[in-house]
Amino acid sequence: RLLLLSSCPYEGESQGAAALRLLQVLSFSIHPATVAQWDKELPALVDQLLVNTMQTLPLQEWEEKLLLFLSKTLDGIGDEKWAGQLSEVMCEQMETVCHPPQKGFLYKALGIALSQVRNVNIQGELQQMLLTVQHSEAVEREGMSFAFGFASMTHYEDV
C-alpha cells in the first residue's frame with residue numbers, strides 16, 4: 001500500500017515522500033532481505049521527490065522507477081511464497097483503490113509480482129483484474145495490459 005501511495009507522490013500533501021520513508025523504516029518487518037537494498041535506494045527516491053514538484057516530476061519515469069524498485073526487491077528477496085502472498089494482497093486492494101492512476105499502477109505492480117510466482121492461480125487473479133478494471137479509464141487499461149504482459153513472461157500457457 002505504501003508503494004501504491006508513492007505512485008501519486010504529490011497528492012495528499014506530498015504523501016509520496018512520507019510513504020517511502022515509512023517503507024524504509026518498516027523494511028525489516030516487511031522482509032529482512034529488503035533492508036540493505038532499501039537503505040540504498042529509498043533515500044534517492046525520496047530526494048527525487050523533494051527536489052521536484054508535481055509540475056517538474058516526469059510521472060511516467062517516476063512510475064518506471066517504482067516498478068523497477070519493486071522488481072529488484074522481489075528478485076532480492078527471492079522467496080516465491082512471499083511474492084505470492086504479496087500478489088494476493090494486491091488483488092485484495094483492487095476493489096478498494098478508486099483513483100485511476102493508482103489503480104493502473106497497482107495492476108502493473110501486480111503483473112510484476114505475478115511474474116515472480118510459479119504456483120499461483122494466475123487465471124483467477126487475472127480474471128479478477130478484468131472484472132475490476134474501469135475500461136473507460138486509459139490508465140487502468142494500460143496497467144492491466146502491462147500486468148498481462150508481465151504475467152505472461154512466466155505463465156505463457158495460462159495467460
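Q: What makes the placement of Lys65 and Glu61 a matter of about one turn of a helix?
A: Lys65 and Glu61 both lie in helix α5, four residues apart, which is about one turn of that helix; helices here are DSSP runs of H or I with at least four residues, numbered from the N terminus. The model is a predicted one, in which local features need pLDDT of at least 70 and side-chain atom pairs count only at pLDDT 80 or more, while totals for chains, interfaces and linings use all residues. Residues are numbered from 1 along each chain as its sequence is written, and side-chain values use heavy atoms, with hydrogens and water left out.

Q: Why is the contact of Lys65 and Glu61 called a salt bridge?
A: The term requires a side-chain nitrogen of Lys or Arg within 4 Å of a carboxyl oxygen of Asp or Glu, and the N to O distance for Lys65 and Glu61 is 3.9 Å, so the pair qualifies.

Q: How do you know whether Lys108 is buried or exposed?
A: Buried means under 20% relative accessible area, exposed over 50%, and partly exposed in between, with a 1.4 Å probe and protein chains only; Lys108 has 7% relative accessibility and therefore counts as buried. Its salt-bridge partner Glu142, at 3.0 Å from N to O, has 44% and so counts as partly exposed.

How values were computed:
Helix = DSSP H or I, 4+ residues; strand = E, 2+ residues; numbered from the N terminus.
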